[in-house]
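This report covers the fold of one chain, the contact between two chains, and the confidence of the model. The structure is shown first.

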Amino acid sequence: MAAGLESLKALVVEDNTHMRSLLRALLNALGIKDICEAIHGQAAMEALRDRKIDLVLTDLAMSPMDGLELTRHMRNDQNSPNPFVPIIMITGHTERYRVEAARDAGVTEFLAKPITAHNLFARITEILERPRAFVRCDGYFGPDRRRHEVDNYGGPWRRAEDLQDVDAR
Amino acid sequence: MPKIRKNAGGAQIITPDGYPQMMSKPATARALLALRSAETAAKAQVAMEAAIPPMRAAILRYVDEMEAAGRDLKKLFAIAHEIRGFAETAGMITTGRIAEILCRYMDDMERVDKPLDTTIVALHASAIARAARAEEDDVRMGEKVAAELAALVARRLAEAH
């Protein structure tokens with residue numbers, strides 16, 4: 001069956017050779033064969049200059065450029081070849097503040113280690129099935145960070161701080 | 001709905017129709033079928049299983065490095081982070097969980113700018129080493145038992161014929 005996935009070009013950014021191999025093998029299982037590997041964000045940026053990439057899987061903690069900085073570059077650089085590219089951040093750092101930092105950098109999906117095929121495929125499915133709107137505002141460009149619309153909400157204020165702003169006026 | 005609009009807060013919203021998607025809609029439908037197929041799941045399972053032996057060997061090398069790191073806390077954290085990253089994927093569940101606890105402890109203490117209790121770190125490092133080697137021994141034992149049983153069955157089958 002022609003899956004449609006064979007045509008995709010993926011970039012795997014991970015400093016651990018075993019994790020890179022595993023991610024490559026799992027993408028291969030999906031039929032994705034055109035996979036570029038990089039061991040840190042800087043190498044990934046160079047790879048992105050040379051080729052069109054449809055999907056990025058990146059680790060968070062890497063040196064000299066980590067996954068957050070890489071994501072910000074991909075989203076915000078004027079020379080970024082595709083600022084809308086889906087980015088899945090895969091990391092063992094699952095502390096809330098790190099997840100929020102990844103979200104605020106502009107990642108599309110967050111995947112906690114240990115990796116399972118099921119979880120990785122679920123993230124790719126989510127990207128394909130429910131592509132998110134992108135938001136450009138002061139200090140942020142990336143996928144809409146709100147996952148859910150509130151049906152009966154009509155106002156522009158969405159956060160507690162916004163309401164404090166209203167109270168102060 | 002327009003592909004690009006502004007919300008009340010002034011943010012520009014670009015709907016999925018307003019930017020290039022990974023693939024066309026027909027190709028997406030085919031891809032979703034593939035993502036959910038038993039064939040893909042079976043291939044992924046093979047890939048996961050093939051990854052386990054080199055990962056287990058790598059974990060044991062990390063354990064050796066961790067023991068050699070002594071009181072070098074930065075190095076210990078880096079190694080513990082690597083171990084927690086894929087020990088569970090390699091089937092070394094206990095090892096991964098202890099590494100996770102150690103990483104969280106070290107990370108949290110750094111965030112609140114408090115000194116690490118080196119005894120706690122050493123206890124975790126020691127527990128990671130023991131768990132990793134025990135889990136490896138369990139696998140070896142399991143493989144040995146399986147091999148011996150297979151040999152026994154083969155002998156009995158040969159006798160029966």
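## Terms and model

Two strands count as paired if DSSP finds at least two bridges between them. Strands themselves are DSSP runs of E with at least two residues, numbered from the N terminus. The model described here is predicted.

## Strands β6 and β7 of chain A

Strand β6 (residues 134-137) of chain A pairs with strand β7 (residues 140-143) of chain A in the antiparallel sense, over 4 bridges. Within this pairing, A:Arg136 has A:Phe141 of β7(A) as its bridge partner. The hairpin of β6(A) and β7(A) has 2 residues between the strands, and A:Gly139 takes a positive phi near 80° there.

β6(A) also pairs across the chain boundary. With β2(B), the strand forms an antiparallel pairing over 3 bridges. Here the bridge partner of A:Val135 is B:Ile13 in β2(B).

## Chain A as a whole

Chain A contains 6 helices and 7 strands. Read from the N terminus, the elements follow the order β-α-β-α-β-α-β-α-β-α-β-β-α.

Chain A has 169 residues, of which 38% count as buried. Among contacts in chain A with a separation of 6 or more, 60% are between residues 24 or more positions apart.

## The contact between chains A and B

The contact draws 43 residues from chain A and 42 residues from chain B. On the side of chain B that touches chain A, the elements giving two or more residues are β2 (12-14), α1 (25-35), α2 (38-69), α3 (73-86) and α4 (93-111) of chain B. Of these, α2(B) supplies the largest share, with 11 residues.

By class, the side of chain B that touches chain A is made up of 23 nonpolar, 13 polar and 6 charged residues. β2(B), one of the contributing elements, is the strand that pairs with β6(A).

## Confidence

For the model, the scores are ipTM 0.80 and pTM 0.82. In chain B the average pLDDT is 87, and 90% of the residues score at least 70.

Confidence in chain B is lowest in helix α5 (residues 118-160) of chain B, where the mean is 77. The highest value in chain B belongs to α2(B), at 94. α2(B) is also the element with the largest share of the side of chain B that touches chain A.

Technical notes: Residues numbered from 1 in each chain as written. Chains lettered and ligands numbered in written order. Predicted model: local features only at pLDDT ≥ 70, side-chain atom pairs only at ≥ 80, totals over all residues. Contact = placed C-beta atoms within 7 Å. Nonpolar A, V, L, I, M, F, W, Y, C, P; charged D, E, K, R; others polar. Buried ≥ 20, exposed ≤ 12 C-beta atoms within 10 Å, placed from the backbone. pLDDT = per-residue confidence, 0-100.
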